Structures are given as C-alpha cells and as structure tokens.
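Hi there,

Here is the structure I promised to pass on to you. Have a look at it first, and then read my notes below.

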Amino acid sequence: MHQPVGDLFSDTLVERLARTRRVGVLTGAGISAESGVPTFRDEGGLWQRFKPEELANVKAFLENPALVQGWYRHRREVIEGVDPNPGHDALAALEQLVTERGGSFHLATQNVDGLHHRAGSESVSELHGSLTRTYCIDCEREATPDEVAALTNADDETRAECPDCGGLLRPDVVWFGEQLPETEIRAAERAAGTADVYLSVGTSSVVFPAAGLPLTAAANGAYTAEINPERTPLSRQLDEHVSGKAGDVLPRLVERVRTMQAETS
Ligand code: BJW
C-alpha cells in the first residue's frame, strides 16, 4: 500500500489521475453527508432509526406501504432542501479535466439523491435508482412529481395509490433482493474493468454488487484508492486509503491534478 506523504493522499494518486486515460469512481452515501443527507450505517444514519429489513425490501413495502412511502417522502423533502457540496463539485471538475485531455471518465453512484447530476457530472450510473421517480407496481405508469406530492401529503396512515389503476406507488429505487438496472450496472462494470485509476468514495463497501466494483478495477490492474474517514472491509485490498471527508479531500486532490495536468500539457 502506498503511504501518503505530506498530504492526505500520495503523489502516485495525483500522477495517475493527471496522466492516465480512463478514470472510474464509485460513490456512496458518505459523499452526500456534508450536504446534510444522512448516511445509512453511520451513527445517526438512516438505518439507526429505521431497520433496513423494515423499509428496504419489497415484502416490507407490501406489508406496510404507508410507512415505507412516508419514509421516502421524508427523504425526498430532505433532498429538496440540500445542495451538492465541494466533494460532488470536485468530481464534476475531475470529469472535465479527464475528458478535456481525451480520456474517459465514469461515475457510478449508489446514491438516489441526484446530487452528482446537480453538480454537473455527466457520465453517471445511478446503480440504486432515483428518489425523483415513482411508479405504480401494477400498471407501471410513472407518477408525476405533483401527483406524488399530492398523494403522499396525507398523514402517514394513508397509502399512495396510482391515479389510473389504484395500484401501490413505489419509489424507483433498488431494494435488497432486487436486480440493479441493467444498463447502469453494465456501464459501471465496464468502467471498473477498464479503468487505469479507480476511486471509491464514501461507501461502507458492504452492499453488493456495487462493493465489488473497486475489486474488479483492482483485479484488472487499476490503481485503486478509497476516500473515507473510516476504514472499510475493502481498505486492505486497495492501493491507498485516504482518511478524510470527501468534501475536504476531493477538492484538494482535484486541484493537485489540475496543476500537474497544466504543467505537463
Ligand atoms: C464519509 C463521510 C464523508 C461518512 N466523506 N465518507 C454478494 C455477497 C453478499 C450478499 C450479496 C451479494 N450480492 C448480492 C447480495 C445481496 C444484497 C447485499 O449486498 N447484501 C449485503 C448487505 C450482505 N444485494 C442486493 O440485494 C442487491 N441486488 C442484487 O444483488 O441483485 C441480484 C441478486 C438478487 C437476489 C439474490 C442475489 C442476487 C441490491 C442492493 C440494493 C441496496 N439498496 C439500498 C437502498 C436503496 C434505496 C434507498 O436509498 O432507499 O441502497 S440499501 C443502502 O445501502 C442503499 C445504499 O446505496 C447502500 C450502500 O450504502 P452506502 O452508500 O455504502 O452507505 P453507508 O451508510 O453504509 O456508508 C457510508 C460511508 O460513508 C461510511 O463508510 C462512512 O464512514 C462514510 N462517510 N461521512 C466520505 N464526509
């Protein structure tokens, strides 16, 4: 493992990001923490107040749709009130730097908050869906945001039903036991399998198949780095663990990459 010297991250990481052609990134809830979106498994995270088995699988949804719909309504409200933070901005800037020099960049996110798109990232796979979309589990019609707001504004005891057929409305997110959207996971796997350098940012690396992406990158020869204030089950298997918050580390890292890229062009 490369030991960072004099900075949070190593010169090797900066050089690889400034010079290689293909860059891949995986993000998790930690990158949105500094925007004010709670993570799942940290203290005070979403799983502390609500058990995942109660809320994030289809059986639980069918048993208590109003509870699950209410939880997602709450999360949509949280997200509507927050903005991308310097970590999201830095990844959008990194994409620009890499594509400007003719390289390719891909960002796979487990987050459903849309903050990477709002920060300006373009090549993004949303592996676990999006909170902004809601559909009927019977006729599959997508409900408009206005319909969702109106239907889920009632008290938590009321289930939101499709205005067309009366089926239950559910968020377009991926729950445990469900397949990830094929196009998104394929793009993410391709990017991981061909990356020269791969970053894993703000994820506990316990949920698969997303947690396998940095390992795919490593197995295919990429230089891999994890950015997280805590170590994860993957830390020892990657080239570098950068201990810090994404909103602190990423802007500094991208600034160093920008400087090196300018010097060598
Ligand atoms: C900071 C920070 C700061 C804090 N800066 N960092 C292989 C082995 C074992 C099991 C499986 C396997 N393959 C599949 C499975 C089953 C299952 C699974 O993985 N289970 C494990 C839990 C054991 N996976 C699935 O079911 C997946 N589907 C699938 O594989 O389909 C095929 C299949 C089907 C059936 C059988 C077998 C195969 C689907 C997984 C769906 C996950 N869904 C959720 C909910 C999404 C909707 C929603 O948002 O409500 O996705 S669960 C939840 O966890 C959410 C997240 O995206 C995901 C990952 O969490 P994340 O992002 O890592 O957040 P945290 O909170 O865990 O971590 C935050 C981190 O940030 C921490 O490390 C902090 O330290 C750090 N941090 N501040 C940087 N400022």
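Let's start with two helices: helix 1 passes helix 12 in a right-handed crossing, meaning that the near helix is turned clockwise from the far one by less than a right angle. Helices here are DSSP runs of H or I with at least four residues, and strands are runs of E with at least two, numbered from the N terminus.

A word on the source: this is a predicted model, where local features need pLDDT of at least 70 and side-chain atom pairs count only at pLDDT 80 or more, while totals for chains, interfaces and linings use all residues. Residues are numbered from 1 along each chain as its sequence is written, and side-chain values use heavy atoms, leaving out hydrogens and water.

Back to the pair: helix 1 and helix 12 pack at about 60°, with their axes 9 Å apart (axes are lines fitted to C-alpha atoms over the stretch in contact, with angles from 0 to 180 degrees between N-to-C directions).

Within helix 1 (residues 11-19), Thr12, Leu13, Val14, Leu17 and Ala18 are buried (under 20% relative accessible area, 1.4 Å probe, protein chains only). These buried residues pack against several elements, among them strand 1 (22-27) and helix 7 (86-100).

Elsewhere, helix 6 (residues 65-80) packs on a sheet, touching strand 4 and strand 6.

Happy exploring!

Methods
Contact means heavy atoms within 4.5 Å. Buried means under 20% relative accessible area, exposed over 50%, partly exposed in between (1.4 Å probe, protein chains only).
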